[in-house]
Amino acid sequence: MRRVTVAALLLAFVALLAACAGGPPKRVYPPQASVQELRVQDDGTWRLSLRIRNFSTVPMRFSRLRASLTVGGQDAIRFDLDPGITVGPGSAELVEQVFTPGPGARDAVTQALANRRSVAYLLSGRLASSDPGTDDAIEYPSRLDPVPGLDGVLR
């Protein structure tokens, strides 16, 4: 009887050890991209800071962002870029893009800044990672507000 008990305890210990050996589960969720900040430069170009968020439990290396940005319902830019960043699990990183906006979007931002009002935007497209190998649709509608004390800046 004693050998059976020892054998059963040993078997239970090995089973418990095997269950823990795999570590936490690896889950990959669709990432998110949004506008962190829009800064109107003196030369009329915009400096756009995009926030790329990783909701997965593993790091993701983002290799392609193909998207369009509309501001105030007007086309601002279409871009296709390689962010070249790795974002840790549950983290976010910023990517900057400088460009000349479309005239309708430029007017919408100029009016928003002049009147100290928010302006709606939509960022939509696809965000791909080379590791773990994803290609997800993104669509993020929100609003940008003028930042008090910082001329030409919306967040």
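Author: Let us begin with a definition: helices (H or I, at least four residues) and strands (E, at least two) are DSSP runs, numbered from the N terminus. The model is predicted, so local features need pLDDT of at least 70 and side-chain atom pairs count only at pLDDT 80 or more, while totals for chains, interfaces and linings use all residues. Residues are numbered from 1 along each chain as its sequence is written, and side-chain values use heavy atoms, with hydrogens and water left out.

Reader: How many helices and strands are there in the protein chain?

Author: The protein chain has 2 helices and 9 strands. Along the sequence, their pattern is α-β-β-β-β-β-β-α-β-β-β.

Reader: What does it mean for two strands to pair?

Author: Two strands pair if DSSP finds at least two bridges between them. Here, strand 3 (residues 60-71) and strand 7 (residues 119-131) are paired in the antiparallel sense over 10 bridges, and Arg64 stands opposite Ala128 in strand 7. Strand 7 also pairs with strand 8 (residues 134-144), in the antiparallel sense over 11 bridges; there, Leu127 is opposite Asp136 in strand 8.

Reader: How should I read the backbone angles in the loops?

Author: Most residues other than glycine have a negative phi, and most peptide bonds are trans. In this model, the peptide bond from Asp131 to Pro132 is cis, with omega near 20 degrees. Pro132 lies in the loop between strand 7 and strand 8. The hairpin of these strands has 2 residues between them, and Gly133 takes a positive phi near 90 degrees. Arg116, although not a glycine, has a positive phi of about 55 degrees. Arg116 is located in the loop between helix 2 (103-115) and strand 7.

Reader: Is Arg116 buried, exposed or partly exposed, and what are the limits?

Author: Buried means under 20% relative accessible area, exposed over 50%, and partly exposed in between (1.4 Å probe, protein chains only). Arg116 is partly exposed, with a relative accessible area of 45%. Of the 155 residues of the protein chain, 35% count as buried.

Reader: Which residues does Ser34 touch?

Author: Contact means heavy atoms within 4.5 Å. Not counting residues up to four places away in sequence, Ser34 touches Ser49, Leu50, Arg51, Tyr121, Leu123 and Tyr140.

Reader: What is a nonpolar core, and which residues have the most contacts inside the largest one?

Author: A nonpolar core is a set of buried Ala, Val, Leu, Ile, Met, Phe, Trp, Tyr and Cys residues joined through side-chain atoms within 4.5 Å. The largest has 33 residues, and those with the most contacts inside it are Trp46, Leu65, Leu69, Val71, Phe79 and Leu123. Strand 3 gives the most to this core, with 6 residues.

Reader: How is a pair of aromatic rings described?

Author: A pair of aromatic rings is described by the distance of the centres and the angle of the planes. Rings of Phe, Tyr and Trp (its six-membered ring) pair if their centres lie within 6.5 Å; planes under 30 degrees apart count as stacked, over 60 as edge-to-face and the rest as tilted. The whole structure holds 2 aromatic pairs. Among them, Trp46 and Phe99 form an edge-to-face pair, 5.7 Å centre to centre with 70 degrees between the planes. This pair links distant parts of the chain, with Trp46 in strand 2 (residues 46-53) and Phe99 in strand 6 (residues 92-99), 53 residues apart. Trp46 is buried, with a relative accessible area of 1%, and Phe99 is buried at 6%.
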